[in-house]
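Work through the exercises below with the model open. Each task is followed by a stepwise solution.

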Amino acid sequence: MHKASASDLTLTANYAKAAQNIKLLVLDIDGTISGESNTISAPVKEAIAAVQAKGIQVAIATGRMYCSALRFHQEINSLLPLSAYQGAWIQDPANQKIHRHWAVSKDMAHQLLDYFEQPHLRSLLSVHFYINDQLYVRDLSPETQIYAQRSGINPIAVGDLRQVLSNEPTKILALCDDTEAINELLGNLRRQYTPAELYLTTSVATFFEAANPLVNKGTAVRYIAEELLGLESSNVMTIGDNFNDFEMLQYAGIGVAMGNAPEGVQAIAQWVAPHVEKDGVATAIEKFLLS
């Protein structure tokens with residue numbers, strides 16, 4: 001039998017003390033509350049409902065489109081605005097009020113498109129422009145079709161994406177099955193653009209994402225917590241599984257990474273939950289908020 005060390009007991013006591021202050025739980029969708037099935041399991045839904053019954057509010061912060069994330073928001077009976085597109089679009093489904101819409105400038109969108117359409121990249125990448133909560137693509141590549149089916153949306157193929165840039169994109173995504181190519185793309189563009197010019201991240205290993213420089217899930221969670229609810233970071237618990245969750249895990253009083261998260265994400269979390277396919281969110285909720 002394992003005998004708890006003094007450090008183990010101190011850590012447990014610190015967790016218990018921190019958990020007493022939690023008034024807001026913010027959850028990512030893909031890889032966190034939803035796995036391969038693209039649904040929320042019964043144990044996770046039950047744990048979320050139990051938290052809400054205790055008076056703790058629950059919100060979603062996702063890289064998904066608003067329209068794609070809405071069914072998850074409704075399924076967990078959240079009463080708070082939904083943070084979509086990494087927090088670039090925050091909208092309250094109850095009254096349709098848009099609290100935030102921070103888009104990528106037209107000039108920056110043109111620059112990124114020029115970069116993506118270099119000969120050595122054009123055949124590799126499926127480029128997605130998200131404008132007014134609709135998805136515009138050059139063509140319906142197999143990768144885009146798989147993405148659209150999982151997201152429950154209908155992409156609009158327009159050929160030359162410059163045709164739709166009379167409006168600013170909420171987010172720009174480059175999709176490629178070659179994860180090394182995505183990592184190289186991220187590295188190259190991070191050398192080309194500062195964080196003050198663009199927010200660049202990956203939400204899964206095959207998705208490169210670009211957004212307004214003010215955007216990340218940390219600023220979105222801060223807005224919900226501090227501006228709307230009058231809370232502090234110590235009152236917030238967040239759970240996520242990828243690099244686009246980095247900022248909200250750092251912001252929260254308790255930041256939990258999923259067991260399926262990359263090592264770099266697990267390293268900055270205060271605790272690592274079991275894998276999404278093992279209902280890790282339910283385990284994390286029970287450990288911190290229900291025990």
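**Exercise 1.** In which sense do strand β7 and β8 pair, and over how many bridges?

Solution. Some ground rules come before the steps. This is a predicted model: local features need pLDDT of at least 70, side-chain atom pairs count only at pLDDT 80 or more, and totals for chains, interfaces and linings use all residues. Residues are numbered from 1 along each chain as its sequence is written, and side-chain values use heavy atoms, with hydrogens and water left out.

- Step 1. Find β7 at residues 134-137. Strands are DSSP runs of E with at least two residues, and helices are runs of H or I with at least four, numbered from the N terminus.
- Step 2. Apply the pairing rule: DSSP must find at least two bridges between the strands.
- Step 3. β7 and β8 are joined by two bridges, in the parallel sense.
- Step 4. Check a position: Y136 faces I156 in β8.

**Exercise 2.** Describe the interface of domain 1 and domain 2.

Solution. 

- Step 1. Domain 1 brings 24 residues to the contact and domain 2 brings 17 residues.
- Step 2. About 1,700 Å² is buried, 51% of it from carbon and sulfur atoms. Buried area is the accessible area (1.4 Å probe) that two parts lose on being put together, summed over both.
- Step 3. In domain 1, M65, Y85 and Q86 lose the most area to domain 2, together 31% of what that side buries.
- Step 4. Count salt bridges (Lys or Arg side-chain nitrogen within 4 Å of an Asp or Glu carboxyl oxygen). The rule finds one across this interface.

**Exercise 3.** Which residue takes a positive phi in the hairpin of β4 and β5?

Solution. 

- Step 1. β4 (residues 89-91) and β5 (residues 98-101) run antiparallel, joined by three bridges.
- Step 2. I90 has R100 as its bridge partner in β5.
- Step 3. Six residues lie between the strands, and Q96 has a positive phi near 70°.

Key: Contact = heavy atoms within 4.5 Å.
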